[in-house]
Amino acid sequence: MLLPLLWMLSTSLKTPENIFTFPPKLLPIPLNWQNYLDVWEAVPFARFYLNTVIVAVSVTAGQVATSSLAAYAFARLEFPGRDKVFFAYLATLMIPGAVTMIPVFILLRMIGWLNTYKALILPGMFSAYGTFLLRQFFLGIPTDIEDAARIDGCSAFGIYKNIILPLSKPALATLTIFTFLGAWRDFMWPLIVIDSPQKKTLTIGLAMFQGLHSTDWGLLMAASFLVMIPLILVFLFNQRFFIEGIKLAGLKA
Amino acid sequence: MLLYNKRLRQTLTGYAFLAPNIIGFLTFTFLPVLASLGISFTDWDLIHPPHWVGLKNFERLLWFTIEQGKLIFNDPNFWKYFYNTVFLMGGIPFGIFGSLMLAMALNKTGKIHISLRTIYFLPSMCVPVAIFLVWRWIYDPDVGLFNWILSFLGIKGPNWLSSTFWAKPAIVLTGLWVGIGGYNMILYLAGLQEIPRQFYEAAEIDGANAWQRFRYITWPMLAPTTFFIVIMSLIAGFQGGFEAAYMMTRGGPAGSTITLTYYIYNNIIWLKMGYAAAIAWVLFVLIFTVTLFSWRYGGRKIHYVM
């Protein structure tokens with residue numbers, strides 16, 4: 001099961017002569033770190049890293065903020081049209097991304113936002129699914145504390161900020177993890193809206209890399225490993241969160 | 001008057017909370033859905049102004065002519081890519097079965113089982129494009145790991161990704177490797193842990209063997225989980241295959257790994273917006289129909305089982 005991942009690591013650490021041998025050499029002897037140095041020179045890899053971090057962090061922060069605000073309104077506030085609006089959200093959950101992708105691409109192209117961070121970040125900051133997930137969780141929180149707070153004169157925003165959010169850490173952690181993962185791995189959308197190497201993220205940077213160095217497997221595997229390692233480390237140190245998050249997302253949905 | 005003010009205040013508060021989300025929802029989801037339906041009835045290429053062409057895109061996409069008793073599709077590529085998509089989805093039942101078997105095998109609290117869960121889950125935490133890239137390397141016909149391992153079994157492996165016959169199975173295998181220990185296994189593990197112990201104890205007292213315990217306790221008790229997994233897999237499957245094909249074959253050889261989503265991507269890149277939107281809507285209707293059908297048919301069955 002681990003073999004492909006180890007094979008990636010092993011290839012990335014081989015000397016060029018040791019890569020194209022048959023039978024393949026399983027272990028990278030002698031060790032060769034050169035690929036991990038060359039990656040940063042061959043393409044603007046540091047730039048891709050920076051772009052990905054900027055995009056993933058912004059998308060995640062935006063989505064958690066907008067989703068939790070809307071989810072609170074749907075779960076707790078009473079106002080005309082609430083259920084109709086919520087139904088409109090639900091109705092879009094099953095629509096494939098490709099359907100909305102086309103008009104959004106055209107819109108961004110018309111206002112000259114292709115090749116910008118805005119094109120990568122803004123469409124990802126809002127999520128009907130995230131809103132739905134948090135709403136379901138908020139509905140499960142007992143209302144007693146809120147009632148007491150309201151009698152004491154606490155505003156709706158105060159209740160949201162001081163009661164609902166602190167009680168919803170598991171759900172917020174789930175949404176944070178999945179949004180961040182999704183943004184880090186996103187491929188098709190950046191591929192469509194980004195052309196300039198200065199704005200590329202890691203995934204499309206890797207695809208570009210592959211186009212430029214299609215047979216330099218040592219270099220490609222080093223780049224692949226570098227694209228994945230932050231996610232793997234975050235996962236290994238926070239496994240519990242991930243597993244609970246999947247159960248939460250799966251059971252609520 | 002007081003009542004009116006209260007209602008107004010409630011309305012304002014409600015929509016104030018919704019505002020940031022609803023603006024994004026309208027701009028990036030709701031209006032684009034309507035817009036893409038409109039675009040699918042045009043020949044918009046982003047260079048010339050769009051013309052209304054009615055159902056022409058859909059006619060080209062889905063319709064056919066009969067010439068000398070032979071069926072000729074207006075767009076044979078669409079049907080070919082549809083077939084490719086369904087072929088790749090053929091991995092789904094194997095994946096679900098594998099996830100269930102793994103979950104049952106690892107549903108113990110020993111240290112080794114917990115570590116194995118982590119290892120099996122690891123591919124799901126990786127970045128798909130990077131995974132597909134290493135698999136392309138693994139499938140290398142001359143010095144690849146896969147053919148080397150096969151050579152021990154006395155099999156001379158083909159040039160997997162350059163063969164119109166083998167490229168699709170190779171992608172399916174990669175998908176199975178990624179997915180088998182992933183989300184589905186976790187959901188099955190969660191499902192297994194919810195089955196009351198007493199059921200198994202009672203069954204054992206009655207002398208039920210392992211297969212009977214699986215068939216009459218585990219499988220029916222997991223039916224809601226399986227149902228959820230099947231629906232999610234179908235929805236994802238119809239939309240899938242783009243990243244794998246892009247990184248491993250660029251859709252080749254001869255279009256044998258292009259899926260519906262890949263075809264939409266190509267049409268966007270060719271600036272054929274009308275046609276791209278039409279394919280996207282066909283995909284949507286397809287997913288909607290299949291989901292609705294599973295819900296009606298499968299939902300009833302589960303009710304019966306419970």
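Okay, so chain A has 253 residues, and 44% of them count as buried, where buried is 20 or more other C-beta atoms within 10 Å of the residue's own, with C-beta atoms placed from the backbone. Bear in mind this is a predicted model: local features need pLDDT of at least 70, side-chain atom pairs count only at pLDDT 80 or more, and totals for chains, interfaces and linings use all residues. Residues are numbered from 1 along each chain as its sequence is written, and chains are lettered from A in the order in which they are written.

Along the principal axes, the C-alpha atoms of chain A fill a box of roughly 75 × 45 × 30 Å.

Now the interface. On chain B, 64 residues are in contact with 68 of chain A, contact being C-beta atoms, placed from the backbone, within 7 Å. Which helix gives the most to that side of chain B? That's α1(B), with 19 residues.

And confidence? The complex gets an ipTM of 0.91 and a pTM of 0.92. Chain B averages a pLDDT of 91, with 96% of residues scoring at least 70; pLDDT is the predictor's per-residue confidence, from 0 to 100.

Methods
Two residues are in contact if their C-beta atoms, placed from the backbone, lie within 7 Å. Helices (H or I, at least four residues) and strands (E, at least two) are DSSP runs, numbered from the N terminus. A residue is buried if 20 or more other C-beta atoms lie within 10 Å of its own, exposed if 12 or fewer, and partly exposed in between; C-beta atoms are placed from the backbone.
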